[in-house]
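Open the model in your viewer and keep the selection panel at hand.

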Amino acid sequence: MAVVEDDRLVGFVGASPEYGVTAWELHPLVVSAERRLRGIGTLLCLELEQVLKERGCLTIYLGSDDETGSTTLGNTDLFDDTFEKIKDIRNLKRHPFEFYQKVGYRIVGVIPDANGIGKPDIWLAKSIADRTR
Ligand SMILES: CC(C)(COP(=O)(O)OP(=O)(O)OC[C@H]1O[C@@H](n2cnc3c(N)ncnc32)[C@H](O)[C@@H]1OP(=O)(O)O)[C@@H](O)C(=O)NCCC(=O)NCCS
């Protein structure tokens, strides 16, 4: 799914089904640098939700690496006090986890040292399930 302005691609999002149709991994999501902070990333995420709902998706999830100490989950041993550290996460260098939280995602876990010592992957997920049915 893409956003095009004046014949220029300014953002796109993709997702793939990894558990039958019920959970899809969001990847990639990119908005061109000069068009950021104008709601395009949010729009792409919300449009994706509509399409995936029609395909039977209940949960959208993604991994967002912290390889540069951009959050308090970087440069620390996440095998110690894992859930306390997740609960107390702070953004140090504009890591996108905060963008995803604003779109309704929650941090559901981490993979410690996924990209090297102290460089975790942060996992976020959002329910789009209709729980009234
Ligand atoms: C992350 C990204 C997709 C956000 O797209 P965007 O169009 O700038 O986002 P929006 O304008 O919809 O922002 C929605 C909200 O999130 C906030 N936000 C956006 N990027 C943020 C960041 N990096 N850190 C903290 N908050 C952020 C915005 O300030 C806005 O907050 P508000 O509602 O309080 O005003 C974009 O910055 C990007 O393409 N980054 C590079 C690629 C990337 O990191 N992709 C994600 C990989 S997991």
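Before going on, note that the model is predicted: local features need pLDDT of at least 70, side-chain atom pairs count only at pLDDT 80 or more, and totals for chains, interfaces and linings use all residues. Residue numbers start from 1 along each chain as its sequence is written.

Leu26 and Leu48 have the most contacts inside the largest nonpolar core, which has 21 residues. Such a core is a set of buried Ala, Val, Leu, Ile, Met, Phe, Trp, Tyr and Cys residues joined through C-beta atoms within 7 Å; buried means that 20 or more other C-beta atoms lie within 10 Å of a residue's own, with C-beta atoms placed from the backbone. Two or more residues each come from strand 2, strand 3, helix 1, strand 4, helix 3 and strand 6 (121–127). Helix 1 gives the most, with 4 residues. Helices (H or I, at least four residues) and strands (E, at least two) are DSSP runs, numbered from the N terminus.

The open sheet has 6 strands in the order 1-2-3-4-6-5, with mixed pairing; two strands pair if DSSP finds at least two bridges between them. Strand 1 (2–5) and strand 5 (106–111) are at the edges with a single partner strand each, so one side of each has no neighbour in the sheet.

Zoom in on strand 2 (residues 8–17), which pairs with strand 3 in the antiparallel sense over 6 bridges. Here Gly11 has Val31 as its bridge partner, and Ser16 stands opposite Glu25. The two strands form a hairpin with 5 residues between them, and Gly20 in the turn has a positive phi of about 65 degrees. On to strand 4: strand 3 pairs with it in the parallel sense over 3 bridges, and Trp24 is the bridge partner of Ile60.

Finish at the ligand. Of the 18 residues around it, Arg36, Gly41, Thr42, Glu98 and Phe99 come nearest; a residue is near if its C-beta atom, placed from the backbone, lies within 6 Å. Strand 3 (23–31), helix 1 (40–54), strand 4 (59–65) and helix 3 (97–102) each give two or more residues to this shell.

Technical notes
A residue is buried if 20 or more other C-beta atoms lie within 10 Å of its own, exposed if 12 or fewer, and partly exposed in between; C-beta atoms are placed from the backbone.
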